[in-house]
Amino acid sequence: MAIGSGLGAQVGIAAESVYGTYVAPTKFVEFTKESLQLKKVTAQSAGIAAGRLMPLSSRRVVTQRSAAGSLEMEVTNKAMGVLLQSLMGTTVTPVQQAATAAYLQTHLLADVAGKSLTLQKGLPLTTGTVTRKNFLGCKVISAEFSCEVGGMLTVSFELDCKDVEETSVLAVATYPTMSPFHFMQMSVKTGTYASEVARDGIRKVSVKIERPQATERYYAGASGLKAEPITNDQVKITGSLEGDYVDTVLDDLHTSDGGMSFVWDFTGPIIASTHAERFTVKVPVIKLDDAPPTVEGFDLVKPTFNFTGLSDGTNVPSIEYMSTDITL
């Protein structure tokens, strides 16, 4: 029996071969919070019958079903590949590094067609019995990564799902030994693409990647369930850099509306040889939207520069992930 509280909960994920078709979870992620819920649309018959003062329960019908919500977690040195692939779109095979135990995943920005997940969550009753809800056809709509002084690198995934079922059995959760990426491992580089230099004075970074999709594809003959969402707008990458006013580099770029390449890196312990655990976000061009520094009292001037990620016409945004995961 599990613990009869959130301490006994679990989340397992698996990549689907066919959108909305259940696949038994093969990866179990350590999460901090989730809000995935069934969403149903109902209609109530309004026919008039002599003397009837209330609608009949037998005349209420469910016309559509779907699910949505968020999954929040710390970014760890293992088991993140399937989620990153669903966010970025490229089909990835980890590449072994020089016959070592280190494997590099390079997640390039691409269309997310065909990238869906089964997500199973286990919900403990107070008795310790764990109920299950299987979310089918989960598409990553956005992900926001964030890290600040003294903190972990965290991410919140927003998911859109085709349906929920509760018949498939609860998988037995197993977790690899893993550790989170954190502020001590963080660095920020900006400048010319592939020649970026370290940026000083940064206290907090956040990056949000949005994958706009048509999520309302309900058609006749589909039992009230949606077809796979299709990309229907350009990818949006936004973020912020918070820090002390140590130089005018970012301020000058804000004034001139100049662009610069952005590399946000977390480098952990060495796996083997020169290959370390690593999580790296690369955006070929960012432009600073606001705001110029202001003085708000006796303390250090601490500007926050919000930015928008753009294409340079050649290179694409990517997330690189070095771990010991042989497969996603």
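A polar contact is a pair of N or O atoms within 3.5 Å, where within protein one atom must be able to donate a hydrogen and the other to accept it, and where residues adjacent in sequence count only if both atoms are side-chain atoms. The structure is a predicted model, in which local features need pLDDT of at least 70 and side-chain atom pairs count only at pLDDT 80 or more, while totals for chains, interfaces and linings use all residues. Residues are numbered from 1 along each chain as its sequence is written, and side-chain values use heavy atoms, with hydrogens and water left out.

We can begin with D265, which is found in strand 18 (residues 259-272); strands (E, at least two residues) are DSSP runs numbered from the N terminus, as are helices (H or I, at least four). The side chain of D265 makes a polar contact of 2.5 Å with the side chain of T267, and a polar contact of 2.5 Å also joins the side chains of D265 and T280. D265 is buried yet has no salt bridge, and R278, the nearest side chain of opposite charge, is 4.4 Å away. Here buried means under 20% relative accessible area, exposed means over 50%, and partly exposed lies in between (1.4 Å probe, protein chains only). For charge, Lys and Arg count as positive and Asp and Glu as negative, while His and the chain ends are not counted. A salt bridge is a side-chain nitrogen of Lys or Arg within 4 Å of a carboxyl oxygen of Asp or Glu.

A search of the whole structure finds 12 salt bridges. In one of them, R65 pairs with D163, with the closest N and O atoms 2.9 Å apart, and this pair links distant parts of the chain, since R65 lies in strand 5 (residues 60-74) and D163 in strand 11 (residues 163-165), 98 residues apart. R65 is partly exposed, with a relative accessible area of 27%, whereas D163 is buried, with a value of 13%.

Rings of Phe, Tyr and Trp (its six-membered ring) pair if their centres lie within 6.5 Å, and planes under 30 degrees apart count as stacked, over 60 as edge-to-face and the rest as tilted. The count comes to 7 aromatic pairs. F145 and F157 form an edge-to-face pair, 6.5 Å centre to centre with 80° between the planes. F145 lies in strand 9 and F157 in strand 10 (residues 154-161), so the pair ties together parts that are 12 residues apart in sequence.
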